[in-house]
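Notebook open, model loaded. I'm jotting down what I look up as I go.

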Amino acid sequence: MVKQTIQIFARVKPTVRKQQQGIYSIDEDEKLTPNLEIILPRDLADGFVNNKRESYKFKFQKIFDQGASQETIFENIAKPVAESVLAGYNGTIFAYGQTGSGKTFTITGGAERYSDRGIIPRTLSYIFEQLQKDSSTIHTTHISYLEIYNECGYDLLDPRHEASSLEDLPKVTILEDPDQNIHLKNLSLHQAATEEEALNLLFLGDTNRMIAETPMNQASTRSHCIFTIHLSSKEPGSATVRHAKLHLVDLAGSERVAKTGVGGQLLTEAKYINLSLHYLEQVIIALSEKHRAHIPYRNSMMTSVLRDSLGGNCMTTMIATLSLEKRNIDESISTCRFAQRVALIKNEAVLNEEIDPRLMIIRLQKEIQELKDELAIFTGEQRTEALSDAELLQLEKLITSFLDDQDPESRLEVGTDMRKIHHCFHHLKKLLNDKKIHGKSTVSCEIKDQDCQEPLKEEEYKKLRDILQQRDNEINILVNMLKKEKKKAQDALHLSSMDRSECRHSQSLPFPPGNPEGLRTLPSSAPKQIQDVSTFGYRSSLLHRKTGMREEMSLGRQEAFEIFKRDHADSVTIEDNKQILKQRFSEAKALGESINETRSKIGRLKEEITQRHMQQVALGVSENIAMPSMPDLLEEKLRSQLEEEKKRYKTMFTHLKALKVEIEHLQLLMDKAKMKLQKEFEAWWTEEATSLQVNSPAVNSLSHVKPFPQTPEFQQETSQPLFNKSNVNARKILPSPSPIPHSQEHNSTSASLESSVPERPASSVPLTGDSQTDSDILAFIKARQSILQKKSAPQLWTGLLFS
Ligand code: ADP
Ligand code: MG
């Protein structure tokens with residue numbers, strides 16, 4: 001058992017503006033726990049009437065300043081947890097902080113660069129690498145991905161998740177067994193045999209999450225996501241299975257303070273936007289206070305799911321993500337305060353070992369056989385399962401003569417064979433019973449004879465009737481009781497069978513026998529040949545199928561989509577990644593060729609060595625002399641060359657493997673970005689269609705056309721704010737714009753996004769289904785294009801569109 005308080009770390013998100021410096025300082029003494037000091041700017045400090053403090057100090061296990069790389073975060077925070085999970089303990093890492101402070105960046109990673117990949121992909125990579133190294137144990141890995149939004153759980157890996165809104169999905173519910181273990185009903189577990197399969201599941205879940213999100217629910221800031229890696233391991237031949245779970249949790253935004261503007265009162269009004277975070281806080285407070293008997297875990301789904309992680313059997317780590325800018329000071333302080341409370345919680349992690357009954361039976365059967373064999377050696381006779389008829393007859397004869405023998409000294413000698421001893425007892429019992437029945441039957445016959453002779457007296461008759469009546473009543477009562485019992489038993493049976501079926505889906509699955517049906521949704525792609533990198537394109541179509549996106553669209557739509565794509569902020573990222581991908585592909589190809597060359601070189605060298613060897617032997621034979629004791633110099637040289645080539649081969653192979661992982665990751669990033677683009681295009685298109693219909697005749701009223709989300713250059717040229725939901729986070733490339741808010745009359749946002757199909761959105765958005773309007777839009781785009789061709793200046797383009 002390992003007792004440990006929850007480890008807390010802080011990560012400060014890079015700020016763009018220089019003047020933000022001086023707001024905080026990090027005091028990192030080698031020996032002491034590092035301190036984060038948040039200094040209140042004067043103008044803000046004035047706002048506190050009763051509190052003149054101007055700086056706040058918080059202790060953390062480690063503080064990662066703006067420059068910390070994802071690699072550093074993984075090495076320092078996630079790797080130790082992953083190691084303890086590999087050793088059989090439960091682990092949890094959760095990120096807590098306000099929206100935009102870098103929780104998703106830390107847990108999942110950025111959507112742009114391979115080096116930006118976060119804790120989940122890096123941990124998967126590390127775990128699979130370690131498992132591969134350890135061949136002495138048998139491992140199985142399963143993945144689940146749960147989203148909790150508005151106190152409801154949704155399975156992000158459910159195949160039905162395809163392009164439907166959250167509300168339409170089957171809900172994941174919590175079941176508690178008599179031992180108070182939590183089971184999650186409707187949450188699917190997917191086996192992942194390789195890192196690649198696990199990564200596919202992560203991206204599938206993320207894409208599902210993105211698609212189900214509507215501008216209304218803003219699920220990404222208000223929901224919690226729990227990515228769980230379930231590991232089972234056992235030594236060959238042992239019946240003990242170890243289970244460990246690693247939860248990687250991206251919590252909802254922790255913001256709660258109603259901002260009242262610059263210079264206004266801060267830290268005054270506590271306004272929870274997220275109820276389950278509020279409950280999480282209550283649990284943390286209860287846990288950090290001594291002598292609290294009741295911990296309100298049951299209040300919310302998230303605290304129930306994370307019950308073990310908070311004050312239970314788990315090694316837990318919290319990352320406080322901070323966006324230390326002036327306007328975020330209050331939230332940052334509140335995040336740090338929360339972390340300080342969390343740091344008081346003690347957990348006790350124990351090894352989760354259990355005996356697998358199937359394996360136990362096999363082991364016991366083996367033991368029995370071994371004992372039997374041993375016994376056979378000892379007694380010198382081969383034991384069959386049962387005694388033969390002749391042996392039985394012989395025994396019965398012995399018993400009869402034993403019983404008949406009047407000599408008190410007589411003994412029944414059957415030897416040490418337990419089977420014979422048992423049979424003797426059985427036979428004796430039978431004889432005794434036979435005798436009893438026989439005796440009784442003679443007694444009852446006598447009574448009957450008596451009855452016939454003497455008629456019953458009136459009094460006796462009455463007495464007997466009363467007794468009969470009493471017995472009747474008793475029987476009735478007993479029958480009723482029996483019925484009730486039977487019903488109870490049936491109910492229990494039903495319940496337990498339900499439980500079992502739920503457990504099958506729940507998290508405590510030990511090595512599932514074979515491949516449970518319906519569990520695996522992804523085809524195992526695992527390319528056998530590394531050179532096979534060009535086949536990854538399949539994934540795109542897989543995601544397309546998963547998300548219900550249609551690959552072909554009408555001509556007008558295609559044209560509009562092309563323009564939308566070109567002007568979209570994310571297209572830069574996609575293009576960048578495409579270039580990198582191309583480069584990696586050619587690198588991989590070149591490397592593959594070199595590897596093949598080296599391989600054939602190794603083959604040639606081996607051949608040469610064998611030939612040389614044979615030559616030497618032949619020489620020895622023909623000249624009739626013994627093999628020269630001196631080492632053959634040429635052969636030595638060839639051997640060292642061979643070693644050299646082998647080393648080279650190994651290095652290149654490792655490199656190629658790493659390249660493969662990077663290519664896969666980039667491919668997935670691009671798929672996700674494309675999906676997002678398409679989704680935003682759909683939203684924009686629907687919006688356009690609606691507003692065109694409302695303001696018909698459409699083609700003439702260009703002023704109603706909303707702008708495309710655009711690249712930064714375009715944005716600078718327009719003075720008008722383009723999006724009403726401004727993404728305040730600074731990024732190298734402009735943040736992806738949110739879909740344009742939907743107008744009043746367009747009240748079926750979720751419905752249209754649900755389908756996410758370019759074809760025809762739901763019935764409440766009639767226009768896109770209308771061929772007239774389709775051609776209107778087409779005409780509109782054509783008109784724009786012709787103007788564009790004439791005056792191809794971007795200013796005009798934007799001026800025309802965004803007037
Ligand atoms: P949250 O999930 O807390 O709402 P995100 O992880 O989405 O926040 O981060 C908001 C933005 O800031 C994203 O565009 C992300 O790429 C960027 N970001 C966050 N942390 C970092 C960091 N450490 N380095 C670079 N960019 C970051
Ligand atoms: Mg997030």
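Contact, in these notes, means heavy atoms within 4.5 Å. This is a predicted model, so I keep to its limits: local features need pLDDT of at least 70, side-chain atom pairs count only at pLDDT 80 or more, and totals for chains, interfaces and linings use all residues. Residues are numbered from 1 along each chain as its sequence is written, chains are lettered from A and ligands numbered from 1 in the order in which they are written, and side-chain values use heavy atoms, with hydrogens and water left out.

**Cores.** Leaving out residues up to four places away in sequence, Phe 227 touches Ile 120, Leu 124, Ile 143, Ser 144, Tyr 145, Leu 202, Leu 246, His 247 and Leu 248. Buried is under 20% relative accessible area, exposed over 50%, partly exposed in between, with a 1.4 Å probe and protein chains only. The largest core has 61 residues, and Phe 227 is among those touching the most other members, along with Ile 93, Leu 124, Ile 143, Ile 229 and Leu 248. Helix 17 (residues 633-694) gives the most to this core, 14 residues. Helices here are DSSP runs of H or I, at least four residues, and strands are E runs of at least two, numbered from the N terminus. Another core, of 49 residues, lies apart from that one and includes Ile 23, Leu 251, Val 305 and Ile 333.

**Cysteines.** How many disulfides are there? I find zero in the whole structure, taking a pair of cysteine sulfur atoms within 2.5 Å as the criterion. Cys 314 counts as buried because its relative accessibility is 3%. Cys 152 is at 21%, so it counts as partly exposed.

Where does Thr 598 lie? I find Thr 598 in helix 16 (residues 569-622), and it counts as buried because its relative accessibility is 1%. Beyond four places in sequence, Thr 598 touches Glu 645, Arg 648, Tyr 649 and Met 652. Thr 108 lies in the loop between helix 3 (103-107) and helix 4. At 13% relative accessibility, Thr 108 also counts as buried. Setting aside neighbours within four places in sequence, I list Arg 117, Gly 118, Ile 120, Pro 121, Leu 202 and Asp 206 as contacts of Thr 108.

Terms used: Core = buried A, V, L, I, M, F, W, Y, C linked by side-chain atoms within 4.5 Å.
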